Amino acid sequence: MTAMARGRATLLFLMAALCVMLALTPARADEPAAYTGSAACAGCHKAETALWQTSHHALAMQPATTATVQGDFADTTFVQGGVTTTFHRSGDSFRVRTEGPDGTPQDYAIAYTFGVYPLQQYLIAFPGGRLQALGIARDSRPKDQGGQRWFHLYPDHPPPPGDPVHWTGRDQTWNYQCAACHSTNLQKTYDLATDSYKTTWTDVDVSCEACHGPGSRHVARAQKPGSGDVRLGLTNRLKPADTGRWEMDPQTGIARRSAKLVSTEIDTCAACHARRSVIAPAPPPGGPFLDSFLPALLEPGMYHADGQIDGEVFEYGSFLQSRMYQAGVTCSNCHEPHSAKLRAEGNGLCAQCHLPAKFDVSEHTHHQAGSTGAQCVNCHMPAKTYMVVHERRDHSFRVPRPDLSASLDTPDTCTRCHKDRSADWAAKSVAGWFPNGRQTRPHYGTALQAGRTGGVDAERRLDALILDTDQPAIARASALPLLPRYASSASGPAIAAAVADPDPLVRAAAGRALGPAAPAAIVRSTLPLLHDPIRAVRTEAARALSGVDPQTIPAEERAALAAAEDELTAAELVNADRPETHLNLGLLDTRRARPDDAETEYNTALRLDPKFAPAMMNLADLDRMRGRDAQGEALLRKALAIEPNNADITHSLGLVLIRQHNYADAMPLLRKAAELAPDNARYGYVYAIALNSTGSPQQARALLERLHQQHPADPDVLVALVTTARSAGDLPAALLHARELAGLYPGNPQIRMLVLELEKQVSH
């Protein structure tokens with residue numbers, strides 16, 4: 001028996017003994033359930049506990065001991081980016097000597113291990129109650145897979161001291177970044193005044209109550225004979241509450257549920273297996289997900305336009321896109337819930353619901369049986385590597401669409417293996433195998449891509465996606481934030497439908513469709529969101545409505561808006577330890593015309609992180625509104641010194657100098673901003689207008705034409721093209737672009753008049 005196994009066996013014995021010794025008194029009916037710790041569960045749930053002990057959940061975080069530390073601390077050294085790190089062990093004490101927050105080598109004690117496979121990190125205690133995650137980790141894979149070594153989590157560009165991503169920086173603080181999903185009943189307990197923590201937990205790892213909720217009532221019932229059904233004491237039972245079962249459909253070869261699934265399981269797992277922000281303190285396991293969290297949508301940098309994973313988004317957002325989710329599949333259909341291991345190996349896992357005679361054959365896979373290409377997951381769950389060594393599979397279970405990869409420039413699962421081929425080749429092959437396949441049907445990715453890139457029919461496509469209830473809710477929700485760039489009154493029905501959508505994810509995104517100049521009727525159509533039963537819907541509605549003209553909000557709804565704004569503030573303050581929180585609160589105060597409060601929030605952000613450039617930018621914008629551009633210029637120059645290649649700061653400083661009539665210094669900045677963010681049509685447009693205004697109309701027109709090719713639906717660019725062409729006497733070009741503008745806004749009478757006027761001038 002290994003040292004770790006002996007330690008686990010001893011722990012099991014102690015847990016069982018403690019369960020016997022516990023003398024919990026029955027909770028009163030009016031008392032909330034309390035956390036008891038996993039020891040109170042082990043005595044009665046031996047089989048589940050034994051499975052759990054083998055899981056990564058049980059090993060998510062552990063005190064650093066000889067039984068838990070995997071790394072080689074035998075005075076080994078690791079060199080990366082010119083920094084030498086030495087690992088040392090003395091008895092049960094593990095230490096590391098490495099670069100500290102000021103750049104000088106310092107000695108640190110390892111307090112906890114963090115994770116177990118395929119890598120293990122180490123936590124170090126810092127002043128203020130912080131635990132910091134060391135940036136050098138142990139590759140715990142077998143040696144023949146490249147493991148059993150130290151490696152840096154940022155091997156190409158190790159962040160320097162002072163960088164938020166440096167291991168001593170705020171982005172590596174365990175209390176905020178990782179703790180809630182690696183421990184049970186975590187109480188962060190952060191004090192903003194002192195910027196310090198007093199973080200506690202019931203179990204150091206992910207134990208029973210992390211999923212089932214506090215168990216004091218359950219334990220009390222179990223200890224008191226005749227107290228009724230023991231299961232009633234569980235906060236979150238997880239098992240489906242319906243009578244449905246899976247039945248194989250012999251025609252399709254795919255299993256289906258006999259009744260619609262009713263379960264809290266996915267919401268429970270999503271709390272940690274989603275890219276999300278927390279909007280409620282101490283979220284209860286198994287509660288409605290959007291009552292405690294706001295998940296990321298299919299946004300650039302996180303997901304590709306077709307919904308494939310890009311950034312580190314975990315599983316929830318992908319799974320919501322899948323036909324599996326729509327059919328009622330849950331996490332535990334594939335993963336044994338206590339060990340978290342797969343229920344079967346290889347294609348046998350998929351064979352639970354997909355007849356092998358129909359799907360695990362070369363007629364379906366078009367690859368030799370037993371080959372890599374015949375493995376279901378390699379086509380339907382392509383993987384991407386994160387944290388250098390951690391391969392994670394896309395859980396959207398998508399049918400390969402190389403045709404989309406070719407048109408949207410998204411990853412193609414076919415050419416991941418067939419590296420010498422193109423996506424066009426793969427698309428033709430798939431179409432030959434399946435002439436009536438998915439490539440013959442529209443995909444939400446085309447609408448999202450149009451919205452992201454300024455496609456000429458972006459508004460129509462986005463509206464159609466929002467209204468198409470056959471599409472995944474997360475895809476429809478993702479269309480709503482893209483609308484303000486294009487939205488006209490034609491989008492009113494789509495926004496109204498989103499407000500009334502049965503899926504709270506769509507309702508939560510509905511307010512994000514409101515642009516700064518949204519018509520009053522559309523604004524009023526979103527007011528029911530303020531009364532929604534789901535917290536995320538109310539808070540996101542408050543975020544959207546806080547900046548509209550107060551006269552747009554009927555008097556009887558202003559109290560509801562104020563209450564939702566209070567909820568939004570409380571939701572933000574769940575993460576009061578982050579400068580981004582105070583940036584968001586400052587923006588909220590700015591929209592509510594409370595500049596002094598906004599200034600306080602921005603300064604709080606800078607107190608937490610003196611190099612937080614976004615707060616400097618927003619303080620400079622407050623200075624602009626107050627007529628203090630000289631003060632704002634100084635702030636922007638300071639921010640630019642911190643982030644010299646930040647397009648937003650560069651553009652803002654250029655605008656300040658334009659307002660000061662310092663064109664000589666402003667023009668290079670506006671040009672650089674446009675070059676740094678070539679996909680930002682606004683930056684290119686502003687630079688083109690500045691060129692035209694400073695005596696370079698030909699350069700301006702050439703730039704505007706390039707922008708129009710990239711963003712054919714951008715109305716500002718089209719208006720500028722009409723204006724500059726007309727000024728240059730190029731009436732045919734002006735008419736061409738005016739007609740394009742009319743095609744985008746066919747109901748606009750001013751544009752129709754412009755086209756008629758230009759047609760008359762061209763004809764003469």
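Visitor: Hi! Before we look around, what is a salt bridge here?
Guide: A salt bridge is a side-chain nitrogen of Lys or Arg within 4 Å of a carboxyl oxygen of Asp or Glu. Keep in mind that this is a predicted model.

Visitor: Got it. Which side chain meets arginine 626 in a salt bridge?
Guide: That would be glutamate 599, with 2.9 Å from N to O.

Visitor: How accessible is arginine 626?
Guide: Arginine 626 is partly exposed, at 25% relative accessible area. Glutamate 599 is partly exposed as well, at 26%.

Visitor: Switching topic: how many salt bridges does the count come to?
Guide: The count is 34 salt bridges. One of them joins the side chains of aspartate 171 and arginine 578, at 2.6 Å from N to O.

Visitor: What does that pair tie together?
Guide: Parts that are 407 residues apart in sequence, because aspartate 171 sits in the loop between β9 (149-152) and α4 (174-177) and arginine 578 in the loop between α26 (555-573) and α27 (579-591).

Visitor: Is arginine 578 buried or exposed?
Guide: Buried, since its relative accessibility is 7%, and buried means under 20%.

Visitor: What about arginine 739, which side chain does it meet?
Guide: Arginine 739 pairs with glutamate 759 at 3.0 Å, N to O. Glutamate 759 belongs to helix α37 (residues 749-763) and arginine 739 to helix α36 (residues 731-744), so the pair links parts 20 residues apart in sequence.

Methods
Residues are numbered from 1 along each chain as its sequence is written. This is a predicted model: local features need pLDDT of at least 70, side-chain atom pairs count only at pLDDT 80 or more; totals for chains, interfaces and linings use all residues. Side-chain values use heavy atoms; hydrogens and water are left out. Helices (H or I, at least four residues) and strands (E, at least two) are DSSP runs, numbered from the N terminus. Buried means under 20% relative accessible area, exposed over 50%, partly exposed in between (1.4 Å probe, protein chains only).
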